[in-house]
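Please open the model in your viewer and keep the selection panel at hand. The stops below go from the whole chain to a single side chain.

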Amino acid sequence: MVYITRKETFSAAHKLSRQDWSDQKNQEVFGKCSNPNWHGHNYVLWVTVKGEVNPETGFVTNLSDVSQVLKSYILDKLDHKNLDMDVDFMKGRYSSTEVLAVEIWKQIEKPIMALGCSLHSVKIQETEKNTVEYFGS
Ligand code: NI
């Protein structure tokens with residue numbers, strides 16, 4: 001089994017807050033991400049897929065095909081968008097990096113399998129200091 005990773009970047013706006021909490025509590029829990037008038041992050045996304053090496057090509061799968069899946073299913077929907085308002089698969093969900101990683105997994109699991117490999121992990125960096133990684137369970 002060999003693991004290969006595609007790295008992509010996107011920029012998006014969001015806000016983390018609960019309407020049933022006071023502004024003070026939202027600020028305490030979510031910090032700068034609770035800013036009422038939105039804010040943005042330059043996200044980095046790593047998607048790792050795994051499979052056996054095809055003896056004909058030497059590839060697990062063609063990473064340009066993985067890139068195309070990420071473009072169609074994720075980047076075209078997220079890049080320069082508002083995660084809370086513009087993205088169909090994030091509607092009604094908190095736009096934390098944890099939730100985003102899980103929802104991205106759900107969007108790409110089947111298209112990745114159609115490439116003859118399987119999804120291993122979705123990793124997202126929201127800030128220089130914070131990353132989240134999801135392995136499907
Ligand atoms: Ni934020």
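Select the charged side chains to begin: the mean positions of the 16 positive and 18 negative charges of the protein lie 2 Å apart, where Lys and Arg count as positive, Asp and Glu as negative, and His and the chain ends are not counted, each charge being placed at NZ of Lys, CZ of Arg, CG of Asp or CD of Glu. This is a predicted model, in which local features need pLDDT of at least 70 and side-chain atom pairs count only at pLDDT 80 or more, while totals for chains, interfaces and linings use all residues. Residues are numbered from 1 along each chain as its sequence is written, and side-chain values use heavy atoms, with hydrogens and water left out.

Then select the largest nonpolar core, a set of 30 residues in which Leu78, Leu100, Ile104, Ile108 and Val122 touch the most other members. Such a core consists of buried Ala, Val, Leu, Ile, Met, Phe, Trp, Tyr and Cys residues joined through side-chain atoms within 4.5 Å, buried meaning under 20% relative accessible area with a 1.4 Å probe, protein chains only. Among the elements giving two or more residues to this core are strand S1 (2-14), helix H2 (63-78) and helix H3 (97-113).

Finally, centre on leucine 78: beyond its neighbours within four places in sequence, its contacts (heavy atoms within 4.5 Å) include Phe10, Leu83, Phe89, Leu100 and Ile104.

Note on methods: Buried means under 20% relative accessible area, exposed over 50%, partly exposed in between (1.4 Å probe, protein chains only). Helices (H or I, at least four residues) and strands (E, at least two) are DSSP runs, numbered from the N terminus.
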